[in-house]
Amino acid sequence: MKDQRSTFPLPLSSVTGTTRKPGTPAPVATPQTATQNAARTAAHGQGRPAPPPAPGPSPRAPGYAQAAPSAPAAQRSELAASEAVRRAMVARVARQGVLDPKVLAAMETVPRHLFIEPALSAQAYIDASLPIGHNQTISQPYIVARMIEAMRAGGQLGRVLEIGTGCGYQAAVLSFVAKEVYSIERIKPLHELAKTNLRPLRISNLRLQYGDGMLGMPQVAPFDGIILAAAGLEVPRALLEQLAIGAHLVAPVGGQVQHLHRITRTGKSEWTSETLEACHFVPLRPGTV
Ligand code: SAH
């Protein structure tokens with residue numbers, strides 16, 4: 001993959017240009033609502049043989065609540081069933097090309113069904129985004145894994161920032177991959193929903209913030225990684241400035257047609273940008289509601 005050298009401020013073309021060979025058609029992600037997406041996957045996904053479980057141990061963070069061996073039998077069997085489907089989800093994500101064992105182990109640990117409203121929880125482990133209210137979605141498992149893998153790039157992550165907490169799922173996964181996680185959400189009821197969803201997991205290294213993520217968190221910066229879970233036409237300048245030198249920011253960029261970008265800060269006033277793959281995210285919006 002070819003890097004584009006850029007000097008701050010990044011010109012729009014440097015974060016929207018693709019690295020495809022001339023003449024190759026753009027891989028366009030079909031804009032689809034989470035509901036359509038879920039319905040499609042449910043229709044085609046059921047009755048498929050379960051993929052083999054992914055190898056490797058699951059990480060355990062300090063303070064992460066586990067169901068005690070003394071939990072009631074019904075609760076234990078529900079837990080075992082959710083662990084089996086989660087392993088299948090992770091195996092599928094691995095087959096889609098995510099190789100980072102730390103990311104896969106984190107995905108295997110976080111109970112995705114706890115982040116989805118009960119009426120949809122049967123679909124919690126299919127590879128689709130799902131509605132979480134307020135016209136927002138929980139991201140597709142593959143894209144969550146892919147973004148974290150791209151941000152981590154095999155390195156150790158100290159402090160990371162997520163823009164767009166939504167229901168809190170990706171923030172929970174991040175908490176098993178990084179030392180300290182900060183996540184910002186601009187819609188108050190979703191910020192509250194994420195707090196409610198995350199409370200039983202008792203994750204001690206995650207801080208949720210209600211606010212406009214386009215401004216980042218200058219009081220906590222610099223970050224060893226930044227992920228945007230919503231797509232803007234360009235990456236906000238404040239976030240580029242809050243990236244530690246050598247760190248990666250991963251973000252969907254675009255409108256109807258979007259691509260995942262990885263921006264690396266290579267110096268005080270220097271960033272490089274790579275285009276990864278087509279994607280489809282909800283829009284990044286300024287301000288709070
Ligand atoms: N991280 C989520 C996906 C959330 S969807 C997951 O775990 O699956 C994207 C979220 O970004 C929405 O909740 C939306 O409200 C939020 N968002 C959009 N613009 C934002 C901004 N400027 N600051 C913070 N959050 C924003």
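## A walk through a predicted chain and its ligand

Of the 289 residues in this chain, 52% count as buried, where buried means under 20% relative accessible area, exposed means over 50%, and partly exposed lies in between (1.4 Å probe, protein chains only). The model is predicted, so local features need pLDDT of at least 70 and side-chain atom pairs count only at pLDDT 80 or more, while totals for chains, interfaces and linings use all residues. Residues are numbered from 1 along each chain as its sequence is written, and side-chain values use heavy atoms, with hydrogens and water left out.

Let us begin with confidence. The mean pLDDT of the chain is 82, and 75% of its residues reach 70 or more; pLDDT is the predictor's confidence in each residue, from 0 to 100. Residues 1-68 stay under 50 in pLDDT, and the model has 122 contacts beyond four places in sequence for them. Contact here means heavy atoms within 4.5 Å. Where pLDDT is low, the predicted coordinates should not be read in detail.

Next comes the overall fold. The secondary structure comes to eight helices and 10 strands, taken as DSSP runs numbered from the N terminus (helices are H or I with at least four residues, strands are E with at least two). Among contacts in the chain with a separation of 6 or more, 62% are accounted for by residues 24 or more positions apart. The chain exposes about 13500 Å², of which carbon and sulfur atoms supply 56%; accessible areas come from the Shrake-Rupley method with a 1.4 Å probe, and for residues only the protein chains shown count as cover.

Leaving aside neighbours within four places in sequence, leucine 260 is in contact with residues including Ile143, Arg146, Met147, Val250, Pro252 and Phe281. With a relative accessible area of 18%, arginine 146 is buried. Beyond four places in sequence, arginine 146 is in contact with Val98, Leu260, Leu276 and Glu277.

The loop between α5 and β4 is the place of alanine 153, which counts as partly exposed at 45% relative accessibility. Not counting residues up to four places away in sequence, alanine 153 touches His248 and Arg262. Alanine 153 and histidine 248 are 95 residues apart in sequence, yet their C-alpha atoms are 8.3 Å apart in space.

Turn now to the ligand. It is surrounded by 26 residues, the closest being Ser139, Glu162, Glu185, Gly213 and Arg285; a residue is near a molecule if one of its heavy atoms lies within 4 Å of it. The elements β3 (136-138), β4 (157-163), α6 (169-175) and β5 (178-185) each supply at least two residues of this shell, and β3 gives the most, with three.

A nitrogen atom of the ligand is 2.9 Å from an N or O atom in the side chain of aspartate 212. A ligand nitrogen atom is 3.4 Å from a polar backbone atom of arginine 186, and a ligand oxygen atom is 3.5 Å from a polar backbone atom of tyrosine 169. Taken alone the ligand exposes 580 Å², and the protein buries 100% of that.

Finally, some backbone details. Most residues other than glycine have a negative phi, and most peptide bonds are trans. Histidine 134, in the loop between β2 (130-133) and β3, has a positive phi near 55°. In that loop too, between β2 and β3, lies asparagine 135, with a positive phi of about 60°. Histidine 134 counts as partly exposed at 43% relative accessibility, whereas asparagine 135 is exposed, with a relative accessible area of 74%. A cis peptide bond joins alanine 221 and proline 222, with omega about 10°; proline 222 is found in the loop between β6 and β7 (223-228).

Technical notes: Polar contact = N/O pair within 3.5 Å; in protein donor to acceptor, adjacent residues only side chain to side chain.
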